[in-house]
Amino acid sequence: MLCLVLLAAVVASGCAADQPEETSPPAAQAYEVVDGSHPHDVAPAIDGGVWFTGQRAGFLGHLNPSTQVLTQVPLGQRSAPHGVIIGPDGAAWVTDGGLNAIVRVDSRTRKVRSYPLPAGREGANLNTATFDRKGVLWFTGQAGVYGRLDPRTGSMRVYDAPRGPGPYGIATTPGGEVYYASLAGNYVGRINTATGEATVLEPPTPRQGARRVWSDSTGRVWVSEWNAGQLAVFDPASGEWREWRLPGPSPQAYAVFVDEQDQVWVSDFGANTLVRFDPTTETFTAYRLPGPASNVRQILGRPGEVWGAASALDQLVVVRTG
């Protein structure tokens with residue numbers, strides 16, 4: 001039986017000194033998974049469970065939080081899965097750097113199908129994926145590429161990214177626009193899904209280390225700035241940027257996710273917390289994580305739940321907001 005650990009929560013102030021103090025948030029929970037698996041990304045499944053990538057063990061895992069039953073789906077020899085998302089078909093879609101392929105795992109049968117990158121695109125260091133509104137999967141590779149896969153035909157195309165290495169997080173807005181963050185390139189890219197061309201968008205802070213992106217319900221694009229320890233937002237309607245430094249002396253903003261209430265969540269390696277940002281009040285609430293360093297590398301959720309993968313501790317963590 002897997003262990004369930006209750007975690008305390010703490011509140012951190014936002015940027016302004018006169019911000020109102022928030023009430024203590026509900027406790028987070030942590031679920032132990034497979035020792036040594038190094039869970040990297042996590043995605044709530046359509047059956048109420050949670051998928052996660054066992055990056056160092058070459059499998060896709062599924063956790064049932066109610067029963068704590070854990071299952072593993074081997075992805076193949078040399079597999080090193082990084083990202084996982086749920087597609088329009090309900091399947092789990094994985095970006096696997098070890099296989100240099102996009103991998104689909106059927107939610108019911110657990111059947112695995114692999115879509116290798118084309119010849120000449122070896123070592124892409126695949127990172128993250130997102131589906132556009134036409135059902136096409138877009139993905140990033142830190143070696144300096146981004147690409148598209150049409151699951152209906154299996155056709156794939158890979159593009160060279162502006163400024164070379166760095167493409168990392170990627171997300172789709174409600175209007176269907178696709179954006180990605182370039183960690184090494186220090187920019188946010190907007191992809192023209194018709195032509196495949198990427199336009200560079202410059203955050204206000206130089207060398208900020210844009211790591212992951214997510215959209216809110218209005219189409220604004222939120223960015224975790226790793227080097228700067230900041231949360232940023234880009235408004236495509238106005239072209240304007242805003243940035244907020246996370247609480248604490250040495251923040252490191254890694255993952256970002258926007259929930260169904262347009263609350264913005266960030267994982268902070270520096271403070272070992274999950275941080276919720278309220279755009280209306282511009283205040284931060286920090287949830288303490290287990291151990292001296294949990295290293296939550298990605299956040300995803302469903303209504304009432306925000307999940308993260310604590311890669312350093314072989315745990316999945318959740319904050320229940322409903």
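## Overall make-up

The protein has zero helices and 29 strands. Its radius of gyration is 18 Å, close to the 20 Å that the globule rule gives for 322 residues, so the protein is as compact as a globular protein of that length. This is a predicted model. The C-alpha trace spans about 55 × 50 × 30 Å along the principal axes.

How much of the protein is buried? Buried residues make up 57% of the 322. Contacts also reach across the sequence. Take those with a separation of 6 or more: 44% of them come from residues 24 or more positions apart.

Where does S7 find its partner? S7 is joined to strand S8 (residues 92-96) by five bridges, and the two run antiparallel. Within this pairing, valine 84 has valine 94 of S8 as its bridge partner.

## The sheet S23 to S26

A further open sheet of four strands has the order S23-S24-S25-S26. Its pairing is antiparallel. S23 and S26 are the edge strands, and each pairs on one side only. From one strand to the next, the twist averages 25°.

Inside this sheet, strand S24 (residues 264-268) pairs with S25 over five bridges, in the antiparallel sense. Valine 266 stands opposite valine 275 in S25.

## Proline 279 and its surroundings

Which residues does proline 279 touch, leaving aside its neighbours within four places in sequence? They are Arg220, Trp222, Asp262, Gln263 and Val264.

Glycine 83 gives another reference point for proline 279. The two are 196 residues apart in sequence. In space they are 27 Å apart, C-alpha to C-alpha.

S19 is mostly covered, with five of its six residues buried. Its partner is strand S20 (residues 221-225). Five bridges join them in the antiparallel sense. Serine 215 stands opposite valine 221 in S20.

Together S19 and S20 form a hairpin, with five residues between them. Glycine 219 sits in the turn and has a positive phi of about 95°.

## Aromatic pairs

How many aromatic pairs does a search of the whole structure find? It finds 19. One of them joins tryptophan 214 and phenylalanine 257. This pair is edge-to-face, at 5.3 Å centre to centre and 65° between the planes. Tryptophan 214 lies in strand S19 (residues 210-215) and phenylalanine 257 in strand S23 (residues 253-258), so the pair ties together parts that are 43 residues apart in sequence. Tryptophan 214 is partly exposed, at 24% relative accessibility. Phenylalanine 257 is buried, with a relative accessible area of 6%.

Phenylalanine 234 and tryptophan 241 also form an aromatic pair. That pair is tilted: 5.1 Å centre to centre, with 45° between the planes.

## A ring cluster and an arginine

Ring pairs can also link up into a group. Trp138, Tyr146, Tyr159, Tyr180 and Tyr187 form such a cluster.

Which rings does arginine 211 lie over? One is tyrosine 168: arginine 211 lies over its face, at 4.8 Å from the ring centre. Another is tryptophan 226, where arginine 211 lies over the face at 4.7 Å from the ring centre.

Terms used:
Residues are numbered from 1 along each chain as its sequence is written. This is a predicted model: local features need pLDDT of at least 70, side-chain atom pairs count only at pLDDT 80 or more; totals for chains, interfaces and linings use all residues. Side-chain values use heavy atoms; hydrogens and water are left out. Two strands pair if DSSP finds at least two bridges between them. Contact means heavy atoms within 4.5 Å. Rings of Phe, Tyr and Trp (its six-membered ring) pair if their centres lie within 6.5 Å; planes under 30 degrees apart count as stacked, over 60 as edge-to-face and the rest as tilted. Buried means under 20% relative accessible area, exposed over 50%, partly exposed in between (1.4 Å probe, protein chains only). A charge sits over a ring if NZ of Lys or CZ of Arg is within 6 Å of the ring centre and within 35 degrees of the ring normal. Axes are lines fitted to C-alpha atoms, for helices over the stretch in contact, and angles run from 0 to 180 degrees between N-to-C directions. The radius of gyration is taken over C-alpha atoms; the globule rule is 2.2 Å times the number of residues to the power 0.38.
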